[in-house]
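The sequence and structure come first.

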Protein chains: 2
Amino acid sequence: MKELEKILDRITERVNINLRERKFDAGPYIRNAVPLTQMLKFYAFYGLTHHHPLHFRFSRSSLAGTYFLGKCTVDDSVLYKSNVRGDELKVKGDVIHLGGMDMTVFEDEAIRIKDSMLVKTLVHNFSHDPEDPEEFTIRNTASFHYANIHGSPVEGCFLGPFSTVDLTTVHDCVIGPYAYVQTGEIAHRTVEPGRLWIKVDGAFEFTYQFPTERLRKYVSLEPGGQPEGVFIDFINRRKSEFQKVFDVVRRKPPVHVPHSTSLSHYAVVRGKTHLSENVLVAEKAFLEDAWMGTGANAQENCYIIRSTLEGYNVTAHGASIIEASLGKKAFVGFNSFLRGREQAQLTIGQNTIVMPHTIIDTKGPLEIPSDHLVWGLLRSQEDLSTQSLPLEKFAQIEGAFQCGNMTFEGSGAAFVNRFHSRIQHILEANGAFFDGTHGRGHAQKTHDISYNTIQPYQEGRLKGLYPTIEIWP
Amino acid sequence: MKELEKILDRITERVNINLRERKFDAGPYIRNAVPLTQMLKFYAFYGLTHHHPLHFRFSRSSLAGTYFLGKCTVDDSVLYKSNVRGDELKVKGDVIHLGGMDMTVFEDEAIRIKDSMLVKTLVHNFSHDPEDPEEFTIRNTASFHYANIHGSPVEGCFLGPFSTVDLTTVHDCVIGPYAYVQTGEIAHRTVEPGRLWIKVDGAFEFTYQFPTERLRKYVSLEPGGQPEGVFIDFINRRKSEFQKVFDVVRRKPPVHVPHSTSLSHYAVVRGKTHLSENVLVAEKAFLEDAWMGTGANAQENCYIIRSTLEGYNVTAHGASIIEASLGKKAFVGFNSFLRGREQAQLTIGQNTIVMPHTIIDTKGPLEIPSDHLVWGLLRSQEDLSTQSLPLEKFAQIEGAFQCGNMTFEGSGAAFVNRFHSRIQHILEANGAFFDGTHGRGHAQKTHDISYNTIQPYQEGRLKGLYPTIEIWP
């Protein structure tokens with residue numbers, strides 16, 4: 001597998017050159033992220049529908065287990081069990097309004113991945129960089145287990161496991177494990193593990209820092225090692241269920257799927273699971289004894305287990321919900337880990353916003369009221385006092401505010417409004433409000449999807465690499 | 001499925017223009033060959049190995065269930081459950097010697113399919129047209145169930161079900177059901193159903209005509225209908241077994257597969273089947289209680305049921321062997337149908353050559369001695385007197401010779417030598433003589449194959465068509 005090793009060496013060099021100021025060596029992470037023989041075992045695949053204009057090109061790359069939708073090129077890269085969803089890219093003719101300026105999109109946007117390694121990483125949404133509207137670039141970057149690259153062009157970056165870069169252009173940064181960044185643009189920074197950082201220039205800045213030692217129980221990564229902790233153990237215990245799904249070409253859906261609902265072939269569904277209308281269950285989601293109300297969704301890498309979602313719930317990429325009841329429109333952000341217990345259910349009231357990267361892991365019953373914002377690490381009902389606020393109260397903040405490890409500066413109303421409009425957009429994009437005629441979204445548009453599979457050379461000089469493949473309508 | 005229908009109309013027009021002298025209307029055959037909804041149901045797939053340099057391009061075509069290997073382009077065509085195997089194409093630098101002239105191959109040969117419909121058709125081997133050595137062309141042609149296009153460029157042709165064109169360039173011809181043509185070149189001809197015709201200019205000509213009415217029991221095709229008769233009924237009774245194979249991505253081989261032997265994922269293997277060393281079982285072959293001796297092969301669309309092949313047996317594309325014992329190096333040609341009975345085994349001695357398109361269908365025991373040539377329709381032991389000759393005796397023929405419905409003219413020795421050298425070539429190409437170091441062939445070279453799958457649009461304007469796909473190393 002000489003050629004594959006050469007590509008990994010090249011990626012390491014490029015990431016390190018970009019991060020030379022940070023004095024960061026990506027080598028030990030890249031070399032040990034995936035045993036090379038694993039790259040031979042799993043097919044990659046891409047979706048084909050008449051709703052999503054497609055264009056793919058894959059060259060000099062290894063793509064094991066990765067899923068592609070929409071428009072994407074991958075060159076000189078190694079992608080392992082990642083998801084690259086180009087179903088919300090900008091299209092030719094779109095106009096971007098920014099600070100009184102208009103910018104027209106001259107050709108359909110595409111995701112361009114070059115000289116990068118993405119391990120179990122999710123890439124979705126459109127590039128929020130107005131300077132280059134037609135390209136969602138991922139370049140000279142190494143990204144690790146269950147990182148989310150969401151609307152965020154990244155160049156020269158290291159993204160730790162379970163980290164998220166969201167609506168942010170990121171240059172030459174090290175993003176630590178479980179850090180979440182939504183700041184528009186950052187460059188030449190190290191973001192510490194477990195840092196939650198949301199900033200809109202001239203409006204507000206929200207930060208939270210997970211207690212370092214307590215976070216290590218959930219996720220950590222040492223140079224040369226694999227991610228460790230509760231998150232990865234939880235996922236690994238369930239991964240054999242996915243193999244069963246990947247081993248068959250067609251199957252009858254294991255539960256009733258209403259016509260307006262979409263259940264991916266590549267999702268696991270177990271036990272007494274119920275899917276209502278307008279539900280989206282995406283690739284690599286895992287449902288077990290899950291009750292999904294109208295318009296609820298389970299995005300990629302979600303786990304929803306012995307839980308009830310009353311309806312219009314967003315379960316963002318990588319979020320887990322275990323032994324919990326969620327009221328209508330309760331929102332759960334990226335990579336949140338919400339774990340109740342059989343004898344001590346977790347209850348989340350309607351309209352409540354669980355911030356991205358929130359850990360609620362309780363041994364006693366825990367109830368979060370309606371219309372609240374909740375963030376950070378919560379192990380008991382008492383933690384709510386320092387980690388949640390009624391949304392109404394939050395919206396009244398003006399200026400500086402502190403609560404436990406959270407600090408806020410600016411307009412609370414702007415913060416809450418931004419969240420509300422984003423949740424509304426996500427529900428619309430997913431087809432949660434489809435009425436049979438209007439409001440079609442992902443849940444309806446992926447209904448007639450077919451999947452094509454691709455595999456690497458199994459022997460010879462190119463062992464582990466894929467042939468060059470180009471696909472267009 | 002408007003676009004798909006347009007392509008079928010276009011193919012019909014082009015075939016009919018080419019066959020205007022024949023006053024042949026391909027329309028009723030093309031329109032009814034496959035219900036269009038079937039084109040949505042089955043994925044096409046292509047093989048990837050480091051032994052076979054690949055280049056594929058598929059555009060404006062429907063390819064349901066078709067298998068591709070090697071180098072092939074398909075444009076404006078409809079292929080249904082066909083096999084297009086480009087693993088014996090000529091390669092750059094090859095030199096063709098013909099009548100004292102040398103011709104150098106300047107680029108790797110590729111199969112080019114354009115404006116054609118191929119239903120359950122096998123395409124294999126390299127183009128035997130020295131005038132255009134880099135292209136194996138199939139153009140403006142409609143080919144039906146289990147036809148073989150073997151080393152034969154065809155333009156403007158209609159090929160009936162179970163017909164074979166072998167090592168022949170064919171222009172503007174109608175080839176009737178179960179006709180077999182190996183004549184170097186033919187143009188503007190109608191070849192009657194069940195005509196067996198082998199001709200080498202200046203050397204010999206062999207012809208046999210199946211009795212028309214008796215052949216209809218085995219295969220017939222009326223305009224607007226589907227193929228009927230024993231052949232297609234026999235195949236249809238077994239087709240659900242193939243669905244099981246196509247529905248899984250990986251499976252453990254159901255029997256022991258020696259390291260020098262190749263069993264395709266897409267072959268059916270049932271009952272007590274034994275595979276020896278250097279055996280090749282190709283895509284869409286069917287084995288049930290089959291004993292395959294060293295170096296025996298089962299090519300595409302073969303059925304070998306409750307039978308023993310002692311070793312070094314060629315079972316050419318589309319041949320069926322039921323309740324039979326074959327001695328070493330016994331050869332069975334294209335689309336032959338050999339059916340013994342449980343209480344009345346069919347025995348074929350070693351080195352015996354069963355000509356392409358031979359039907360042996362017996363209710364009593366039938367034994368064909370060693371070193372014989374056998375051809376035509378045989379229903380009992382008595383038929384051997386008019387349908388077989390010892391090879392030694394055949395080789396002594398000089399000039400005109402007749403035997404039952406068979407006529408021969410020319411050198412029997414040239415005929416027998418040609419057969420022997422071809423059988424030797426086939427065994428070598430398939431790796432029958434591999435000794436662990438030398439003599440590697442298809443049985444060893446497809447060992448590390450991986451398959452990629454492709455599917456059509458399921459809805460929308462392009463419903464039933466595939467996206468444009470290009471693949472190269």
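A residue counts as buried when its relative accessible area is under 20%. The model discussed here is predicted. With that cut-off, A:Leu167 is buried, because its relative accessible area is 12%.

**Residues with positive phi**

- Most residues other than glycine have a negative phi.
- A:Leu167 has a phi near 55 degrees, a positive value in a residue that is not glycine.
- In chain A, this leucine, A:Leu167, sits in the loop between strand S17 (164–166) and strand S18 (168–171).
- B:Phe162 also is not a glycine, and its phi is positive at about 60 degrees.
- The loop that holds B:Phe162 runs between strand S16 (158–159) and strand S17 (164–166) of chain B.
- B:Phe162 has a relative accessibility of 5% and therefore counts as buried.

- A:Glu283 is in the loop of chain A between strand S28 (280–281) and strand S29 (286–292).
- A:Glu283 is buried but forms no salt bridge.
- The side chain of A:Glu283 does make a polar contact of 3.2 Å with the side chain of A:Ser264.
- Leaving aside residues up to four places away in sequence, A:Glu283 touches A:Ser264 as well as A:Phe45, A:Tyr67, A:Asn83, A:Tyr266, A:Glu300, A:Asn301 and A:Tyr451.

**The interface of chain A and chain B**

- Chain A contributes 32 residues to the contact, and chain B contributes 32 residues.
- About 2,900 Å² is buried between chain A and chain B, with 54% of this area coming from carbon and sulfur atoms.
- Of the area that chain A buries against chain B, 19% is supplied by A:Arg250, A:Gln455 and A:Thr468, more than by any other three residues.
- On the side of chain A that touches chain B, at least two residues each come from strand S1 (44–48), strand S46 (450–454) and strand S47 (468–472).
- The residues on that side of chain A comprise 17 nonpolar, nine polar and six charged.

Note on methods: Residues numbered from 1 in each chain as written. Chains lettered and ligands numbered in written order. Predicted model: local features only at pLDDT ≥ 70, side-chain atom pairs only at ≥ 80, totals over all residues. Heavy atoms only, no water. Helix = DSSP H or I, 4+ residues; strand = E, 2+ residues; numbered from the N terminus. Buried < 20%, exposed > 50% of the residue type's maximum accessible area, 1.4 Å probe, protein only. Lys, Arg positive; Asp, Glu negative; His and termini not counted. Salt bridge = Lys/Arg side-chain N within 4 Å of Asp/Glu carboxyl O. Polar contact = N/O pair within 3.5 Å; in protein donor to acceptor, adjacent residues only side chain to side chain. Contact = heavy atoms within 4.5 Å. Buried area = accessible area lost by both parts, 1.4 Å probe. Nonpolar A, V, L, I, M, F, W, Y, C, P; charged D, E, K, R; others polar.
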